[in-house]
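Please consult the sequence and coordinates shown here alongside the text.

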Amino acid sequence: MFKSIGKLGWFLMLSIIVSSCATKDQVVYFNNVQKLEGQVNLLEYEPKIERNDVLRINVSSSSVNEEIVAPFQMNQQGNQSGGGGGQNLSLTGYLVSPKGTINFPVLGTVDVEGLTRTEIQEKLQTQISEYVRDPVVDVRIVNFSVTVLGEVNSPGRVQITDGRITMPELLAMSGDVSYTGKRQNIRVIREVDGVKSVGFIDMTETDLFDSPYYYLKQNDIVYVEPTYARMKSAGFFGSPGAILGLVSSTLSLIFIFTR
């Protein structure tokens, strides 16, 4: 029987076996990592503020009584003098309006869209310094989060506290890509100025460090698609018995037509 199988039969059998295996390069992160030697990192990267972002802004001074800066502080009962607020104090902040502004105490309307946290801090410090000596302003993005879906061990919405996160950091916080996840084609769905774009990250290559999607933005959606083996397990090829049956049927047909 085996002599009758012929080259076609052996080729089909080999294809079935090989298709269920993964190579080292498909699993290991950062292949050719030696290319990173001497590469400069974007240490000063900061996300830009967008509409509907929620900002927590704290004003203090190192040279005057705290009561002097009280007029520039948000009402601690959850009602802000401006663009929005919420009942949950942990989410209380200045909601960036559809016009890209916040309504700040004493100062009134302040344009913040398209600026980084550092730029907003410097802008507010300059304006507040007309009323308070040596003001210190701290700005945080309260609602900075990224949604992770697909073949990771802990999918869900990840809240970011420091306003900056990279793709490797996000995957680590999500329990890493599962054994059934495809590491070479991770999708990032991003919206900029109301327009959606889709980018791709290959975690097995060091090119990801130069990608515009290496640093994630607020409200990004990251999707890790399943491997071919995972997709097969969800359908007809789900069990080893089904695969064995396919091999047996293939061999039988080959035997019949080559007799």
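The notes below are grouped by topic. The model is a predicted one. Its structure holds seven salt bridges, and a search of the whole structure finds one cavity of 30 Å³ or more. The largest pocket contains about 510 Å³ of space.

**Salt bridges**

- Glu50 and Lys217 join through their side chains in a salt bridge, at 2.9 Å from N to O. This pair connects distant parts of the chain, 167 residues apart: Glu50 lies in the loop between helix H2 (24-27) and strand S1 (54-61), and Lys217 in the loop between strand S11 (215-216) and strand S12 (221-224).
- Glu50 counts as buried because its relative accessibility, 17%, falls under the 20% cut-off. Lys217 is likewise buried, with a relative accessible area of 14%.
- Arg190 and Asp220 form a salt bridge through their side chains, at 2.8 Å from N to O. Here too the pair links distant parts of the chain, with Arg190 in strand S9 and Asp220 in the loop between S11 and S12, 30 residues apart.
- Arg190 is buried at a relative accessible area of 8%, and Asp220 is buried at 1% relative accessibility.
- Between Asp138 and Arg140 there is a salt bridge whose closest N and O atoms are 3.4 Å apart. Asp138 is partly exposed at 29% relative accessibility, and Arg140 is partly exposed with a relative accessible area of 37%.
- A network of salt bridges links Lys182, Arg187 and Glu225.

**Pocket and cavity**

- The largest pocket has 26 lining residues, and those nearest its centre are Glu50, Glu191, Val192, Asp193 and Lys217.
- By class, the pocket lining comprises eight nonpolar, six polar and twelve charged residues. Strand S9 (residues 186-192) contributes the most to this lining, with four residues.
- The largest cavity holds about 30 Å³ of space. Its lining consists of Arg117, Arg140, Ile141, Ile160, Thr161, Asp162 and Gly163, classed as two nonpolar, two polar and three charged residues.

**Surface features**

- A nonpolar patch on the surface is formed by Leu149, Ile189, Val198, Phe200 and Ile221, which together have about 400 Å² of accessible area.
- Phe200, one of these patch residues, is located in strand S10 (residues 195-201) and is partly exposed, with a relative accessible area of 46%.
- Ala172 belongs to helix H5 (residues 167-173) and counts as exposed, because its relative accessibility of 58% is over the 50% cut-off.
- The C-alpha atoms of Ala172 and Asn153 are 9.7 Å apart in space, and the two residues are 19 residues apart in sequence.

Notes:
Residues numbered from 1 in each chain as written. Predicted model: local features only at pLDDT ≥ 70, side-chain atom pairs only at ≥ 80, totals over all residues. Heavy atoms only, no water. Helix = DSSP H or I, 4+ residues; strand = E, 2+ residues; numbered from the N terminus. Buried < 20%, exposed > 50% of the residue type's maximum accessible area, 1.4 Å probe, protein only. Patch = residues over 30% accessible without salt bridge, like charges linked within 9 Å, V, L, I, M, F, W, Y side chains within 5 Å. Areas by Shrake-Rupley, 256 points an atom, 1.4 Å probe, with all protein chains shown as cover. Salt bridge = Lys/Arg side-chain N within 4 Å of Asp/Glu carboxyl O. 1 Å grid on protein atoms, 1.4 Å probe; cavity = no way out; pocket = protein on both sides within 12 Å on 5 of 7 lines; lining within 4 Å. Points joined across faces, edges and corners; volume = space filled by probe spheres on them. Nonpolar A, V, L, I, M, F, W, Y, C, P; charged D, E, K, R; others polar.
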